[in-house]
Amino acid sequence: MSEPKRLHPIVILITIGKRIKDLIFTFIALFFIWNKGDERDLLLFGASAIAIIGIILVSIFSWLRYSYRLEENELRIEYGVFVRKKRYIPLERIQSLDISEGLLQRLCGMVKVQIETAGGSGNDEAEAVLSAISKEEARYIQAYVAGTKNSSEPKVHEDPSQVVYKITPSQLILLSLTSGGVGVVISAVLAFMSQLDDFIPYEKIFRGIEQWVVSNLILIILLIFAGLIIAWILALFGTMLKYANFHVTKTEHDIVISQGLLERRQITIPLTRIQAIRINENIVRQWLGYGSVSVDSAGGSASNKEGSKVLLLPLVKLKDIEHILGPYLTEYQFTSSFTSVPKRAMNRYIFRSWYIAVPVVVVSIVFLKVWGLLSLIILALVTFWGVLKYKDAGWSLGEKQLNFRYRSMVRTTVFVKKNKIQSLEMRNSYFQRRKDLATLEAFVKVGFGGAGGRVIDMDRMDVKKVYTWFSREAEKRD
C-alpha cells in the first residue's frame with residue numbers, strides 16, 4: 001500500500017454532520033435572539049446559509065486533501081486544506097487498532113479505524129483516525145502492523161485466534177436488566193433541557209400551571225413513574241444494541257473484542273499493555289452471583305477512555321471467571337480469598353457514611369418536625385451502606401500479584417501484577433494512628449492517567465507487609 005489512498009466519500013457527510021452538530025446550539029441561540037419578525041430574519045437565514053455552505057465546502061476539500069499510505073514501516077498521513085500537514089507514525093509505536101462501524105459506514109460497507117500509539121499525540125485526540133475505509137483495507141493494515149511487530153520484515157498474515165467468550169441471549173437480557181443505563185438516559189435528557197434554559201421561559205410556564213399541579217398531584221406522580229419506565233425501556237434496548245454479538249477472541253499477542261448491532265466495534269488490546277484486571281459487581285449482580293470483568297490498558301487517549309478501560313466480559317458468573325480467563329491470562333491468579341480489614345475499622349466506615357446524611361437529618365427534624373423523622377430512613381440506609389463497604393474491603397498477596405477489594409457504588413476487585421505497579425502509597429491520619437490503621441493505594445499506568453486500587457483502614461502491620469513485598473529490598477532478596 002505504497003500509493004496514497006483517499007478515504008471513502010461518505011467521510012464528507014460524516015464531517016458535515018459532526019460540524020453542524022458542534023454548531024447546532026449556536027444556531028438555536030441566534031434564532032431566539034434575532035427572531036424579531038423583521039428584516040433581521042433575512043440576515044439570520046442568510047448568515048446560516050453561508051455558514052452551512054462553508055461547512056460543506058471545507059468538508060469536501062478536507063476529504064480531497066486527506067490521504068494515507070503504508071510505506072517503510074510507517075503509516076503516513078497527509079492532510080490540511082490551507083496548510084498541508086504530514087504525520088508519519090512508525091508501526092512499532094502503534095499499540096492498538098480499534099475498528100468500528102457506524103450506520104453510515106455500514107451502509108457503504110466501510111469501517112472506521114482509530115489508531116492509538118505509545119505516548120499518544122499529546123492531545124485529547126487519537127493519534128490517527130481513518131473515518132471510512134474498506135474492511136479489506138482495515139484487515140490488511142491490522143495484519144501488516146502485527147507482522148511488522150512480530151518480525152524484522154513486514155508480513156501480512158492473520159494470527160490464529162481462539163474464542164474466549166461469547167455472550168448468550170440470556171446473558172444479554174440479564175445484562176440489560178441489571179445495567180445502570182436509566183441514569184444515563186435521564187442525565188442526557190436533563191443535559192439537553194439545560195442547554196435550552198436561556199431560551200424557554202420556564203418561570204412563566206410554571207407560574208401558569210402551578211395551580212393545576214397542586215390539584216393533579218397524583219397524575220403528576222403517575223406521569224413521572226411512566227417517564228421512569230420509558231427511560232428504563234430505552235436504556236434496556238440501548239444496552240442490548242450496544243452489547244449484541246459481544247465476543248472475545250485471543251490471538252498470539254492480542255485480545256480482540258467485538259460488539260454491537262447497529263454500530264459494530266472491534267477493540268484490540270495487546271497482552272503486554274494490560275496493567276490490571278478488575279471485577280465490578282453492582283448490588284443486584286452481586287446478589288445474583290454475577291459481575292463484569294474489565295482490563296486497565298496502557299493504551300487509549302484522553303478522548304478515548306474506552307481504549308484504556310476496556311470491558312472484557314460484560315456479564316459472567318463469578319465462579320466461572322477463572323475457568324474462562326485462566327487458560328488465556330495465565331499470569332493472573334483469580335483468587336476469591338481476601339483478608340478483611342480489622343473489626344476496629346467498622347466504626348470509621350460508618351462515620352464516613354454519616355458526613356452528609358447526619359446534617360440532612362438534623363436540618364429536616366428541626367424544620368419539618370414530625371415529618372422530618374422520615375429522614376431517619378436515609379440515615380439507616382447510609383449506615384447499611386457503610387457496613388457493606390466495611391464488609392467488602394479486603395486484600396490478598398501472592399508471590400507476584402497484589403489484589404484489592406473495595407466498594408464505592410459497586411464492589412470492585414482488582415488484580416495487579418507486581419511488575420505493573422507504578423507506585424505504592426501508604427498513609428495514615430491522626431485518627432487512623434490511634435487505632436493502628438492505615439490506607440494502602442496502588443497505582444498503574446492507564447492511558448493518559450493512572451488507575452489502580454485502594455483499601456482504607458487496613459491493619460498497619462498488613463500495610464507494612466505489602467510495602468515490604470513491593471520494596472526494592474525485597475526484590476534484591478528474591
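**Reading the fold, piece by piece**

Tutor: Let's begin with the contacts: in the protein chain, 56% of those with a separation of 6 or more are between residues 24 or more positions apart. Keep in mind as we go that this is a predicted model.

Student: How many helices and strands are there in the protein chain?

Tutor: The protein chain has 15 helices and 20 strands. It runs to 478 residues, and 41% of them count as buried.

Student: Let's zoom in on one helix. What should I look at in helix 12?

Tutor: Start with the general idea: an α-helix has 3.6 residues a turn, so residues three or four places apart point the same way. Now the case here. Helix 12 covers residues 376-392, which is 17 residues, and spans 24 Å from its first C-alpha to its last, close to the 24 Å expected at 1.5 Å a residue.

Student: Which residues of helix 12 are buried?

Tutor: Those are Leu379, Gly386, Leu388, Tyr390 and Asp392. Among the elements covering the buried residues of helix 12 are helix 9 (283-288) and helix 11 (346-368), along with strand 15 (394-397), strand 16 (401-407) and strand 17 (411-417).

Student: On to the rings. How do I read an aromatic pair?

Tutor: In general, a pair of aromatic rings is described by the distance of the centres and the angle of the planes. The count in this model comes to 9 aromatic pairs. One of them is Tyr66 with Tyr79: the centres are 6.2 Å apart, the planes are at 35°, and the pair is tilted.

Student: Which parts does that pair tie together?

Tutor: Tyr66 sits in the loop between helix 2 (40-64) and strand 1 (67-71), while Tyr79 belongs to strand 2 (residues 74-79), so the pair links parts that are 13 residues apart in sequence. Tyr66 counts as buried, because its relative accessibility is 15% and the cut-off is under 20%. Tyr79, at 24%, is partly exposed.

Student: Which residues form an aromatic cluster?

Tutor: Tyr165, Tyr243 and Phe246 form one. Arg76 lies over the face of Tyr88, 4.6 Å from the ring centre. Then there's Lys417, whose charged end sits over the ring of Tyr332 at 5.8 Å from its centre.

Student: Can we finish with a couple of threonines? Where does Thr268 lie, and is it buried or exposed?

Tutor: Thr268 lies in strand 10 (residues 264-270) and is buried, with a relative accessible area of 9%. A polar atom of its side chain is 3.3 Å from the backbone oxygen of Leu97. The side chain of Thr268 also joins that of Gln142 through a polar contact of 3.2 Å. Leaving aside residues up to four places away in sequence, Thr268 touches several others, including Ser96, Asp98 and Asp254.

Student: And what does the side chain of Thr439 make a polar contact with?

Tutor: With the side chain of Gln432, at 2.9 Å. Thr439 is in strand 19 (residues 437-446), and it's buried, with a relative accessible area of 5%. Not counting residues up to four places away in sequence, Thr439 touches Glu425, Met426, Arg427, Gln432, Arg454, Val455, Ile456 and Asp457.

Note on methods:
Residues are numbered from 1 along each chain as its sequence is written. This is a predicted model: local features need pLDDT of at least 70, side-chain atom pairs count only at pLDDT 80 or more; totals for chains, interfaces and linings use all residues. Side-chain values use heavy atoms; hydrogens and water are left out. Rings of Phe, Tyr and Trp (its six-membered ring) pair if their centres lie within 6.5 Å; planes under 30 degrees apart count as stacked, over 60 as edge-to-face and the rest as tilted. Helices (H or I, at least four residues) and strands (E, at least two) are DSSP runs, numbered from the N terminus. Buried means under 20% relative accessible area, exposed over 50%, partly exposed in between (1.4 Å probe, protein chains only). A charge sits over a ring if NZ of Lys or CZ of Arg is within 6 Å of the ring centre and within 35 degrees of the ring normal. The expected span of a helix is 1.5 Å times one less than its number of residues. Contact means heavy atoms within 4.5 Å. A polar contact is a pair of N or O atoms within 3.5 Å; within protein, one must be able to donate a hydrogen and the other to accept it, and residues adjacent in sequence count only if both atoms are side-chain atoms.
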